[in-house]
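Dear colleague,

I am handing over the structure below, and the notes that follow it set out what I found there. Please read them with the model open beside you.

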Amino acid sequence: MAMMSKTMDLIEGFVKEGSFKWVLSRKTSLDEEFEEMERSPSGKRKWIAELSPLANVIVGRCSRILDVSMDELQSNFEREASETIKSPANYARNFLEYSCLRALSLAAHITGHLADRAFRRLTFDMMLAWEIPSSSQSGVKVDADSTVCLEAFCRIAPAIPTIAEVITCSNLFDLLSSSSGNRLSFAIYDKYLAGLDRAIKKMKSQSESALLAGLRAERAEKILEIDGTLTTQPVLEHVGTSAWPGRLTLTDHALYFETLKVVTYDKPKAYELAEDLKQVIKPELTGPWGSRLFDKAVMYKSIKLSEPVFMEFPELTGHSRRDYWLAIMLEIFYAHRFIEKYNITGLEREETILKASLGILRLQALQDLPQSSNPILQYESLLMFNLCDKLPGGDSILETLANSISSREKDKRGSHFYSLSPRAMLTNLGVVSGSEESTTDRLLVGDILVGGMSPLEKALRDSRVNYKKVELAQASVDGVKVDGLDTNLALMKELLYPVIEIGKMLLSLALWEDPIKSFFFCCFSTFIIIRGWIAYATIGLLLFMALFILLTKLTNQGRSIEELKVVAPPAMNTMEQLLAVQNAISQVEEFVQDGNIVLLKLRSLLLAVPSQATDMAILALAGTAICLALLPTRLITLMTFLEVFTRYSPPRRPSTERWTRRLREWWFSIPAAPVVVEREKEDKKKR
């Protein structure tokens, strides 16, 4: 701790004397630095043969920030790194990463570093050097207009938690580079960091205000966003058939609404996000007198409220304002649900809340970017807890994240390099209060592992691979959705024609709608199972289905699936369409549409459209058939009984939730069979 304090005093001394500013300010004279390093006799200006010219410049800057010679910095790397990391093939890039991340872990402690354009240029130059670290790439030219790639951004930017975070880093880069051919320019990067600095200062000033001080004082809540203060952008609270304008405030623990009176605001109403109150937060339709006309509201419901509350965000076109608020509300809600699930306490709990807060700050910074470089924001993709809720395997990512937050042990490979935590960053920026010890929260490489991938990065990579498959399948689902309740009903009738009566009967029995019939059906089924008759029939049916899908897959290779033709009913006239726009009809239409998607996915499986999903279906069916063939029927029956009736017992609940999610993710990865709707030519009805 004494050594760290000494280092910090030295860095602060550099700042006061202007020396540190000089280190970071050489952003337009790289050629001069090349020449100076070549002719300088000082050990701190050494030229390392394995590194490219730009990498030598960056390592030189890092050595001055750390107040060590380049020889000493290289010696530390040689001592701390494993043989794999020091292999000649990747030596230059790994040593550069080591130097950059160590330097950033100290340089980021300087107050106001985000506001310093020289610091922004330093981090960008580190990304440039990451792309060309080796001396074999010395011929690559770097100029003021050079851009960086996704990999470089994702390796350097998350070293400072305020700038980026591993889980959302890729999506952040895609947004920043959308106007420059998937290469990030310094101009956009600089504007983003400037906006981030403004967002942090705004959060700091809001946290120090007296707004809602009485309600926020106990938990030291920090205000993250306020809306409804402008008359041109009101926020309306709907309760029942009443609607009132007011001011909406989001903190890192709750949501507060203050109804607007004539000249003042009424007593705030608190809507809890941190406690487990069985909350439901989702987009909703609202309108005058309780009607459902405008898709611009968020519904909040909990066991503390007698009826749901709707927060409406009026705007002329679209519903981006509502989507933004929905995303940031859910981010805080998911963060606290994550804390409760993994029993995170103490500083780690505050660290988790700050991770969610930083995501919202980054979102605010992106909204300040010019419209040409800021397409329609996908808010969920830029907020880590929102994203993990959507990604396949998101629970695995969160579990890995929980382990990394709770663990403060050194890496097993013996690395002595530490990175900053969100608490350390925001403490330094004045947003979070803390002691000197908490400002240098010593974490191992953590989310960024020099020369490799951290567990969090590996979990994220696996999830993204699965997500691409889900996106392709979802595109096919979106393509086969048809509009209109009558058309959807016609499609469903066509799909269900072979089994509609059997399906109704089995569903009725399975749901125990008629207890007497269900009881006798259960007794009859039990008798069949005991006699052993159903096993052979089931084996044959499953093997037949698996064989059918396999043969269909082999015969359909290279050919598209035959489209299902549906004859649509006559189009509705104007009066019928107006009557159809009712709450009950919209809910029925959605239910029928979802039912069609289920049936189309089953059709897709039977006709072997998806490759991986089909293979899994074949293996599952064949595996089940083999188990039924080899194991005694009574044992299978007993196992089934225990599975059904102990599924949600406390010991099995976590595993049940995990496997239920896996099954749901597999189902989402199945594309829907294509559909073409054919309408009969008819004369239009006279009106």
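How many of the residues of strand β6 are buried? Six of the six are, so that the strand, residues 254-259, is mostly covered. In a regular strand, side chains alternate between the two faces of the sheet. In β6, Ala254, Tyr256 and Glu258 point one way, while Leu255, Phe257 and Thr259 point the other way, and all of them are buried.

**Salt bridges**

The count of salt bridges comes to 22, and I describe a few of them here. Lysine 202 and glutamate 225 form one, with their closest N and O atoms 3.4 Å apart. This pair links distant parts of the chain, since lysine 202 belongs to helix α10 (residues 186-208) and glutamate 225 to strand β3 (residues 223-227), 23 residues apart. With a relative accessibility of 35%, lysine 202 counts as partly exposed, whereas glutamate 225, at 8%, counts as buried.

A second salt bridge is formed by glutamate 237 with lysine 269, and there the closest N and O atoms are 3.0 Å apart. Because glutamate 237 lies in strand β4 (residues 235-239) and lysine 269 in strand β7, the pair ties together parts that are 32 residues apart in sequence. Glutamate 237 has a relative accessibility of 1% and therefore counts as buried, while lysine 269 is partly exposed, its relative accessible area being 35%.

Through salt bridges that share partners, Asp395, Arg661, Arg662 and Glu665 are joined into one network.

**Serine 185**

Serine 185 is located in strand β2, which consists of residues 184-185. Is serine 185 buried or exposed? Its relative accessible area is 18%, and because buried means under 20%, serine 185 falls within the buried class. Leaving aside residues up to four places away in sequence, serine 185 touches Phe124, Thr147 and Ser180. Serine 185 and serine 146 are separated by 39 residues in sequence, and their C-alpha atoms are 6.8 Å apart in space.

**A nonpolar patch on the surface**

Which residues form the nonpolar patch on the surface? They are Val499, Ile502, Met505, Leu506 and Phe521, which together have about 450 Å² of accessible area. Helix α19, residues 500-510, contributes the largest share of this patch, namely three residues. Leucine 506 has its place in helix α19, and at 42% relative accessibility leucine 506 counts as partly exposed.

**Confidence**

Finally, some remarks on the confidence of the prediction. The average pLDDT of the protein is 77, and 77% of the residues score at least 70. Among the elements of the protein, the lowest mean pLDDT, 44, belongs to helix α2 (residues 19-25), and the highest, 93, to helix α12 (residues 320-341). Over residues 434-446 the pLDDT is below 50, and beyond near neighbours in sequence this stretch has 40 contacts in the model. Over residues 683-687 the pLDDT also stays under 50, and for these residues the model has two contacts beyond four places in sequence.

With best regards

Conventions: Residues numbered from 1 in each chain as written. Predicted model: local features only at pLDDT ≥ 70, side-chain atom pairs only at ≥ 80, totals over all residues. Heavy atoms only, no water. Buried < 20%, exposed > 50% of the residue type's maximum accessible area, 1.4 Å probe, protein only. Helix = DSSP H or I, 4+ residues; strand = E, 2+ residues; numbered from the N terminus. pLDDT = per-residue confidence, 0-100. Contact = heavy atoms within 4.5 Å. Patch = residues over 30% accessible without salt bridge, like charges linked within 9 Å, V, L, I, M, F, W, Y side chains within 5 Å. Areas by Shrake-Rupley, 256 points an atom, 1.4 Å probe, with all protein chains shown as cover. Salt bridge = Lys/Arg side-chain N within 4 Å of Asp/Glu carboxyl O.
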